Amino acid sequence: MDRQTAYRAPAVATQEATDGDSNKFPRKPSNAATVAIRKPADAGNGYRKGLIASVKIAQKDLGMEDEIYRSLLRAVTGKDSAAKCSVRELKAMLAELRLKGWRPRPRIAAELLPLHRKIKALLASLGRPRTYAETIIRRQTNNGATLGTADRAQLMACVAALTCQQRREAQEA
């Protein structure tokens, strides 16, 4: 099998081409059912869209203003919009952002999401930043874990510490 036939995009029958439209195809008799086949607009673009999202997340995490971000994008890719970039250009942009100090956050396991939400809610009620919980976990684990890499027991200990702090602040007020 050669490279051109190795991958075939899924075919989608469009709504605009039905039996009544078959006379638009002159080589087919009007009684033959003809369906237009086209490649879905987003087929094969999921990876690219993920890269674009990563670039935008990196921009936000680094606190880059739009003008600075666009000038860096122009310097790396020659384009002024991530949507206009190819996969190769987006990867180059991510590499440049990593050189600037950006590190992707680890993905959170589904079973730990409720604890992360609880920590986020406690931080909001205390008026503290995310780094406050990061510091609690680092101190409890002797720099062995962060908020993104902590296991269930470590997150429960962080929730307990935040709850105690919430009680302390309520008693002082």
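The side chain of Q59 makes a polar contact with the side chain of K56, at 3.0 Å. A polar contact is a pair of N or O atoms within 3.5 Å; within protein, one must be able to donate a hydrogen and the other to accept it, and residues adjacent in sequence count only if both atoms are side-chain atoms. This is a predicted model: local features need pLDDT of at least 70, side-chain atom pairs count only at pLDDT 80 or more, and totals for chains, interfaces and linings use all residues. Residues are numbered from 1 along each chain as its sequence is written, and side-chain values use heavy atoms, with hydrogens and water left out.

Q59 sits in helix α2. Helices (H or I, at least four residues) and strands (E, at least two) are DSSP runs, numbered from the N terminus. Is Q59 buried or exposed? Q59 has a relative accessible area of 10%, so it counts as buried. The cut-offs are under 20% for buried and over 50% for exposed, with partly exposed in between (1.4 Å probe, protein chains only). Leaving aside residues up to four places away in sequence, Q59 touches M64, E65, D66 and Y69. A contact here means heavy atoms within 4.5 Å.

## The chain overall

The protein chain has 7 helices and 2 strands. Along the sequence they run α-β-β-α-α-α-α-α-α. Of its 173 residues, 26% count as buried. Take the contacts between residues at least 6 apart in sequence: 53% of them join residues at least 24 apart.

## Helix α3

Helix α3 covers residues 66-77, 12 residues in total. From first C-alpha to last it reaches 16 Å, close to the 16 Å expected at 1.5 Å a residue. The expected span is 1.5 Å times one less than the number of residues. Y69, L72, L73 and T77 are the buried residues of α3. Seen down the axis of α3, these buried residues fall within an arc of 105°, so they line one face of the helix. The arc is that of the directions from the helix axis to the C-beta atoms. An α-helix has 3.6 residues a turn, so residues three or four places apart point the same way.

What do the buried residues of α3 pack against? Their partners are α2 (46-62) and α4 (87-99). E67 and A75, on the other side of α3, are exposed. Just after α3 comes G78, with a positive phi of about 85°.

E134 lies in helix α6. Its relative accessible area is 14%, so E134 is buried. A polar atom of the E134 side chain lies 3.2 Å from the backbone nitrogen of L147. Not counting residues up to four places away in sequence, E134 touches T146, L147 and G148.

N142 lies in the loop between α6 (130-140) and α7 (152-172). N143 is found in the loop between α6 and α7 too. Phi of N142 is near 55°, a positive value in a residue other than glycine. For N143, also a residue other than glycine, phi is positive and near 60°. Most residues other than glycine have a negative phi. N142 is exposed, at 69% relative accessibility. N143 is exposed as well, with a relative accessible area of 62%.

## Helix α7

At the start of α7, a side-chain oxygen of D151 reaches to within 3.3 Å of the backbone nitrogen of A153. Helix α7 has 21 residues. Its first and last C-alpha atoms are 30 Å apart, close to the 30 Å expected at 1.5 Å a residue.

The buried residues of α7 are L155, C158, V159, L162 and Q165. They cover an arc of only 125° around the axis, which puts them on the same side of α7. This buried set packs against α5 (113-126) and α6. The face turned away from the buried side carries the exposed residues A153 and Q171.

## Rings and charge

The charged end of R128 sits over the ring of Y132, 4.7 Å from its centre. A charge sits over a ring if NZ of Lys or CZ of Arg is within 6 Å of the ring centre and within 35 degrees of the ring normal.
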